[in-house]
Amino acid sequence: MKAAVFHGPRDVRIDNVAEPDSPARGDVVLGVLRAAICGTDASEWDHGPVLCRPGVVLGHEFVGRVVSVGDGVDDLRLGDRVVSGAGISCGNCLWCQRGRTNLCTEYRTLGLQVNGGLAEYVTSPASICRAVPDGCDDDAAAMAQPLAVALHALSRVALAADETVAVIGVGGIGSFIVAGASHRAADGRVVAVDLDKRRLATATALGANEAVDATDQELSELLLALTDGVGFDVVVEATGAPHAPAAALAGARRGGRVLLVGLHGAPRALDLTSTILREIDVYATVAHVCDSDIPAALDLLAGSDVARVTAGPGIPLEALVDEGLRPLAERRASGKVLVSPA
């Protein structure tokens, strides 16, 4: 079968590899219908390996149809259309027992450490597969995993319906956070902040009440100006830019919350005295919890136009590098790139 294999930096090849073996107990084999790529895939291609294991088949965002079922799988049948949550947890450690499977001590991800879905077929644990509702087409379903990451992030701050939210950085995950926030804070105010006019237009289409271009503006001052000096109930930092965490803390109101999403390549200087005196809660987030976040993402995709708004070009697997990974790494991609492996 054809598969996108990560060999090293700037070296992803569409290789012919063996099809998956008959699934082990608890596993299923999926015929991949549609896959999507994200910033992680592009950064691994550009300057990895960071998370990827060389020789792995890429792809952690995908939807497929069950073509083979291992022993012990009772809730999936041949022909079922499912999304895999991609994150594999052990089920036994302290964090798994507490329901925080994304923090599992043995956590692995399809498409990073285990062969993933940028291929004609992929093996996945049945326990992390969820049925796709009829109202959710393949393009939309391929976005369920990244949307689940965004919804998990919002669950960390327990966003209320009437709160004010600023999302700094509305690229891949940031745009999905805007989509989730516009539904969860339906009676509140969602403000998208970015430097890219295309991203801001997408954020508006996803439900942001305001989209603000921060070019040539001091970010913390901008956040305060947008709230008459009060600050936001919740500030989401989704860029990883060096100055953004400090600005997010400064832009939160007294008793507010800051959610850190963007990854940083170095330590950052923060004004912790002001954070303490204003009693700001600081949250971090990673990945998602399959049991809760994947079904929530599928429901949102089936009942909204999130997929239509965020969908980018559709490409064949053979065009993955030149029409997918490269433009995404070079920040030229527009929308979620969708791949048809078959």
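How many helices and strands does the secondary structure of the protein chain come to? The count is 12 helices and 17 strands, taken as DSSP runs numbered from the N terminus (helices H or I, at least four residues; strands E, at least two). This is a predicted model, in which local features need pLDDT of at least 70, side-chain atom pairs count only at pLDDT 80 or more, and totals for chains, interfaces and linings use all residues. Residues are numbered from 1 along each chain as its sequence is written, and side-chain values use heavy atoms, without hydrogens and water.

**View 1. Overall dimensions of the protein chain.** The C-alpha trace spans about 60 × 40 × 40 Å along its principal axes. Buried residues make up 51% of the 342 residues; buried means under 20% relative accessible area (1.4 Å probe, protein chains only).

**View 2. The largest nonpolar core.** This core has 81 residues. A nonpolar core is a set of buried Ala, Val, Leu, Ile, Met, Phe, Trp, Tyr and Cys residues joined through side-chain atoms within 4.5 Å. Val12, Leu118, Val178 and Leu301 have the most contacts inside it. Helix α4 (residues 144-156) gives the most to this core, with seven residues.

**View 3. Surroundings of Leu118.** Contact means heavy atoms within 4.5 Å. Leaving aside residues up to four places away in sequence, Leu118 touches Ala3, Ala4, Ala35, Ile37, Val57, Leu58, Gly59, Leu317, Leu320 and Val339.

**View 4. The second core.** A separate core of 20 residues includes Val191, Ala214, Leu222 and Val258.

Technical notes. Buried means under 20% relative accessible area, exposed over 50%, partly exposed in between (1.4 Å probe, protein chains only).
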